[in-house]
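Let's take a walk through a protein model together. Have a look at the picture first, and then we'll go through it piece by piece.

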Amino acid sequence: MKLYYDNNKLKIPKPTCSCTHHQVINSDIYIGSDILKNLPLYISKKISGKKCLLVTDNNLFTLYGNQILPILTKDYDVKLAIPSVEGHLQPNQYALGDIMMALDDDCDFLIAFGSGTINDLTRYVAFNCNLPFISVGTAPSMDGYLSVVAPMLSDDLKINKPAKYPIVCVFDIDIMRKAPDDMIFAGFGDVIGKYIAKADWILGNIINNERICPFCLDIIDEAISLCETNILEIKNKTEKGIKALLEALLLTGLAMLLNGDSRPAASNEHNMGHFIEMKKLTAKQPHPSHGEAVGVATLYCLDLYQLFFNYDFTSISVSKIVLNQPSPLHREQAILKAYGQTIGPSIIKNNVDEPITKDEQERRISVFLKQYDTIKENLSFLPTRSKMTKFYKELNGAINAKELAIDKSLLTGALLYAKDYRSRYTIFKLADELGILHKLVNHMVQYE
Ligand SMILES: [Zn+2]
Ligand SMILES: [Zn+2]
């Protein structure tokens with residue numbers, strides 16, 4: 001899958017599959033060097049209004065305020081929204097309140113100038129106020145530029161709120177190249193996480209007959225390959241490297257938009273990232289960025305896949321496994337203990353299709369045993385942890401939980417209970433339904 005451009009405007013790849021559920025994506029995406037100056041032109045092709053709210057943070061405004069404001073104010077009436085925060089900006093009610101208070105009744109559109117949090121806040125406000133928004137990205141640090149959900153924080157619980165994607169996206173590579181190293185690694189980690197998302201999706205398709213899209217799988221392959229084949233360019237933050245990383249992130253965003261959900265790009269590695277973030281927030285401790293957490297969680301998910309396929313399933317007794325499955329009450333207590341009393345009840349409430357019945361468990365296990373060879377073969381694309389670790393080292397990224405200040409108990413909690421964050425099917429759920437998850441996780445964390 002080769003990407004094409006017309007004057008820095010990305011030609012969005014058209015699905016070649018026979019799926020009937022894909023939607024048409026109405027967004028102009030511009031990528032190139034020194035293109036920030038074209039922002040008014042790009043906006044005018046989609047929006048006729050002249051009043052806008054520019055949402056950004058203090059740090060970015062200090063760095064780029066005197067660059068972006070003169071470009072915009074020539075053609076537009078610009079009002080600023082910079083959430084006032086102590087420390088790290090979070091997508092919570094305080095930041096939202098600041099943006100809402102800055103929003104005038106006659107505002108025509110919003111501009112998000114930033115990366116993850118700024119875009120999530122803006123897309124949520126844009127959705128609720130029914131206004132279009134423009135994204136001017138500042139770092140290739142996450143895959144959510146085109147997202148239609150905004151992960152927000154409500155009392156330390158990470159919840160996905162409905163939102164909208166930007167009608168125009170502008171990525172000036174000269175700005176992106178100046179993003180700090182840890183944000184570059186975060187973007188890389190977010191893309192590498194797609195290995196797990198893809199594997200779990202294929203697993204869900206085989207075991208539960210989940211809908212799967214071959215075109216989205218191709219997009220994910222292309223995204224991963226763009227990152228892996230440009231590792232040194234990404235490390236050196238060359239124009240080519242940063243463009244490749246950004247394309248990879250946008251491609252996975254497109255796959256999510258096409259599929260109508262995040263299934264092509266997020267699975268247990270993302271659940272683990274959310275679990276770690278929420279637990280750190282409740283403990284009032286700093287947490288790793290989204291992409292860093294996802295990147296490191298991916299290494300442990302790769303470990304689990306490897307251990308799983310080394311396990312000897314020849315003599316397992318299905319009736320014994322089903323009999324030993326913890327009761328729904330037991331399960332609920334374990335989730336409440338792992339997530340805590342603030343977050344735990346919402347996790348249980350939000351996943352109505354769990355726990356599964358004993359009949360369903362038996363059905364899944366029997367499909368797994370019957371399809372074991374097919375599953376193993378279909379998932380043979382998964383790399384080893386050591387191959388990925390080499391990439392991470394090139395980018396000076398964290399290669400284990402400890403390097404992100406995640407201790408053994410938090411890691412163990414994430415490995416055992418992140419799967420319950422949502423009902424989406426994963427290898428962790430399968431291992432749990434087979435009654436071997438605790439055993440495999442204990443084996444994984446013994447040297448942590
Ligand atoms: Zn992500
Ligand atoms: Zn499709």
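Predicted model: local features only at pLDDT ≥ 70, side-chain atom pairs only at ≥ 80, totals over all residues.

Residues are numbered from 1 along each chain as its sequence is written.

Now find helix H6 (residues 181-192) and helix H10 (residues 239-259), whose axes are 10 Å apart and meet at an angle of about 45°. Helices here are DSSP runs of H or I with at least four residues, numbered from the N terminus; axes are lines fitted to C-alpha atoms over the stretch in contact, and angles run from 0 to 180 degrees between N-to-C directions. H6 and H10 are therefore oblique to each other.

Who touches whom? On the H6 side you'll find Ile184, Gly187, Phe188, Asp190 and Val191, and they meet Leu245, Ala248, Leu249 and Thr252 in H10. Being in contact means that the C-beta atoms, placed from the backbone, lie within 7 Å.

Next, hop over to tyrosine 417, which sits in helix H18 (residues 408-417). Is it buried or exposed? Tyrosine 417 is buried, because 21 other C-beta atoms lie within 10 Å (the cut-offs are 20 or more for buried, 12 or fewer for exposed, and partly exposed in between, with C-beta atoms placed from the backbone). Setting aside neighbours within four places in sequence, tyrosine 417 is in contact with Phe275, Ile335, Ala338 and Tyr339.

Conventions
Chains lettered and ligands numbered in written order. Helix = DSSP H or I, 4+ residues; strand = E, 2+ residues; numbered from the N terminus. Parallel < 35°, antiparallel > 145°, perpendicular 65-115°, else oblique. Contact = placed C-beta atoms within 7 Å.
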